[in-house]
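Have the sequence and the 3D view to hand, and let's walk through this protein together.

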Amino acid sequence: MTTQSNTPAGWYPDPHAAAGTLRYWDGARWTEHTHADPQAPAAQQAPQPPAAQASAQVPVHPAAADPRVQHQVQQQAGVAPSGPGGGTLFSEPVLVVNQKAKLIELTNEYSVFDQNGRQIGTVTEIGQSALKKALRFVSSLDQFMTHRLEIRDAYGQPQLVLTRPAKLVKSRVVVSHPDGSEVGEIVQQNVFGKINFAMNAGGTQVGAIKAENWRAWNFAIVDHADHEVARITKTWEGLAKTMFTTADNYVLQIHYQLPEPLLSLVVATALTVDTALKQDSRGLG
């Protein structure tokens, strides 16, 4: 496993070893352990950032590559193959976010793949009541409802929670850790023209998301100094899906390893853009 100088200390799955094998990075070197190892460092029990969370369970989705995702990345989004990533939502240079195709969207659901088509995560809407689903079915009132989405890793473990409060005109998305501690916010800055969002953390703007056309399909993501650090490209899902289903597909390309909290906000951005901009559920109303 290649180590970045800013890799946070903590536990990481070893993609080249048997299931259940973890490697611990103490800031200077790797050591390998399994869950049954009584000599595992006590740091295993300490709170870890999202990139360090791991599970010894079998992934909830197979690791086989999907050539359709490879085509989506290289041919549709125009992203050239890059070096291998770390195999997690927070260590891959390319994330492919594909929404589950549905005639009427009552629950937002996404699958997240790496650039080779291996599924490394999921996103699903949580906390919806039966009444809320009924309203989404018969009306176009999504923007007046609060939406909560949970980002999960390949083992089904929650990594981030996105909350978009009910809105009138502009969207605001709160990004939190599973324990409820806040990472930051993604706040819509304007309504007309090319839509822009600010990424804020601790009362400071750490980055921004800038639409490159008025239809807000492609976005440049910049840091606090206005340097591009990532890019979102919406990919064409085909005429049938575009006309008759709610599927939206995106490719997120991260140019280099980012520090926290910018990294978590950028990963959340790939999910936030669709939810934040969606004005209705495309239901019967």
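## Confidence

This is a predicted model, and its pLDDT averages 74 over the protein. A score of at least 70 is reached by 60% of the residues. Among the elements, strand E11 (residues 196–201) has the highest mean pLDDT, at 96, while helix H3 (residues 239–244) has the lowest, at 40.

Where pLDDT is low, the predicted coordinates should not be read in detail.

## The nonpolar core

Which residues touch the most other members of the largest nonpolar core? They are Met199, Ile221, Leu252 and Val266, in a core of 41 residues. Helix H4 (residues 262–277) is the biggest contributor here, giving nine residues.

Setting aside its neighbours within four places in sequence, Val266 is in contact with Met199, Ile221, Ala230, Leu252, Ile254 and Leu258. Another core, of eight residues, lies apart from this one; its members include Ala77, Val79, Val96 and Val251. In soluble globular proteins, nonpolar side chains tend to be buried together.

## Salt bridges

Side chains of opposite charge can pair when their charged atoms come close. The structure holds six salt bridges. One of them joins Glu150 and Arg152, at 2.7 Å from N to O. Buried or exposed, where does Glu150 fall? Glu150 has 14% relative accessibility, so it counts as buried, whereas Arg152 is partly exposed at 24%.

Asp226 and Lys210 form another, at 2.6 Å from N to O. Asp226 sits in the loop between strands E13 (218–223) and E14 (228–235) and Lys210 in strand E12 (residues 204–211), so this bridge ties together parts 16 residues apart in sequence. Both partners are partly exposed: Asp226 has a relative accessible area of 46% and Lys210 one of 31%.

Next, look at Arg231 and Glu212, whose closest N and O atoms are 2.8 Å apart in their salt bridge. Because Arg231 belongs to strand E14 and Glu212 to the loop between E12 and E13, the pair ties together parts 19 residues apart in sequence. Arg231 is partly exposed at 22% relative accessibility, and Glu212 is partly exposed at 37%. Together with Glu228, these two residues are linked in a network of salt bridges.

How values were computed
Residues are numbered from 1 along each chain as its sequence is written. This is a predicted model: local features need pLDDT of at least 70, side-chain atom pairs count only at pLDDT 80 or more; totals for chains, interfaces and linings use all residues. Side-chain values use heavy atoms; hydrogens and water are left out. A nonpolar core is a set of buried Ala, Val, Leu, Ile, Met, Phe, Trp, Tyr and Cys residues joined through side-chain atoms within 4.5 Å. Buried means under 20% relative accessible area, exposed over 50%, partly exposed in between (1.4 Å probe, protein chains only). Helices (H or I, at least four residues) and strands (E, at least two) are DSSP runs, numbered from the N terminus. Contact means heavy atoms within 4.5 Å. pLDDT is the predictor's confidence in each residue, from 0 to 100. A salt bridge is a side-chain nitrogen of Lys or Arg within 4 Å of a carboxyl oxygen of Asp or Glu.
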